[in-house]
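Colleague: I would like to learn how to read aromatic pairs and helices in a model. Could you walk me through it?

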Amino acid sequence: MAGFRSLARQVRDQGCDTALRRYSLRKCLERFAPYGHRATWDHLCHRHGFGPDDRELDPARLVAALEELEEARAVWLAYEEEFAARRRREKHDGLRGLGALDDWHRDVWGGNGVVRCGDPAVHPTDPLPEVMRRLVTALERGPGDACPVCAGTRIEWGGGSGDGRWYGPVCAECGVEVPRAVLTPPALARARRTCDRPLVGAA
């Protein structure tokens, strides 16, 4: 199975036809897709001016989309490396207990769905690297009262028991599923109080 770097080389390979290069970019999202596969693809299509089903398009647009994805991935992998180093130091010092942040990291290691968007058409419009930097800043700073991506304070409770969707805090302004570990207990409590109200779609 090809890795992210191998697929990225195929996207850049001018000897490949455009359809294969597009397919390789889509396959990159199986290795790194911050909003989830469909929402990240929708984001890249809108940001770089090609349709989700285009087979023949300007290869320069594909490369530009890849470069945005690569930069965002580099931000996340650098954070993961520092996180792993910190955990090693803590274990060396005898601190082996896992908290909510550690549990969350286990689920998103590698960056897939790190700020998942339940609705593939509703996601932040800012460049992915900027979104990832904001998330990393929030993770390093500790719990807060707002969305780590857009700083919005309208955090609502999404999903419900047994419906198969995300069950937890969702930013009603940018659409991301907010990691519980980055919200304070009061912010989580406010979000839970909205669970009986329908989510307002992000603009």
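This is a predicted model: local features need pLDDT of at least 70, side-chain atom pairs count only at pLDDT 80 or more; totals for chains, interfaces and linings use all residues.

Colleague: How many aromatic pairs does the structure hold?

Modeller: A pair of aromatic rings is described by the distance of the centres and the angle of the planes. Here there are 3 aromatic pairs. In one of them, Trp-76 and Tyr-79 have ring centres 5.1 Å apart and planes at 40°, so this pair is tilted.

Colleague: Where do Trp-76 and Tyr-79 sit along helix 4?

Modeller: An α-helix has 3.6 residues a turn, so residues three or four places apart point the same way. Trp-76 and Tyr-79 are 3 residues apart in helix 4 (residues 59-92), which means about one helical turn separates them.

Colleague: Are Trp-76 and Tyr-79 buried or exposed?

Modeller: Trp-76 is buried, at 0% relative accessibility, and Tyr-79 is buried with a relative accessible area of 7%. Together with Phe-83, Trp-76 and Tyr-79 make up one aromatic cluster.

Colleague: Now the helix, please. What does helix 3 reach from its first C-alpha to its last?

Modeller: The idea is to compare the span with the one expected at 1.5 Å a residue. Helix 3 (residues 37-48), with 12 residues, reaches 17 Å, close to the expected 16 Å.

Colleague: And what do the buried residues of helix 3 pack against?

Modeller: Their partners are helix 2 (18-28), helix 4 and helix 6 (128-141). The buried residues of helix 3 include Trp-41, Asp-42, His-43 and Leu-44. Just after helix 3, Gly-49 has a positive phi of about 70°.

Technical notes. Residues are numbered from 1 along each chain as its sequence is written. Side-chain values use heavy atoms; hydrogens and water are left out. Rings of Phe, Tyr and Trp (its six-membered ring) pair if their centres lie within 6.5 Å; planes under 30 degrees apart count as stacked, over 60 as edge-to-face and the rest as tilted. Helices (H or I, at least four residues) and strands (E, at least two) are DSSP runs, numbered from the N terminus. Buried means under 20% relative accessible area, exposed over 50%, partly exposed in between (1.4 Å probe, protein chains only). The expected span of a helix is 1.5 Å times one less than its number of residues. Contact means heavy atoms within 4.5 Å.
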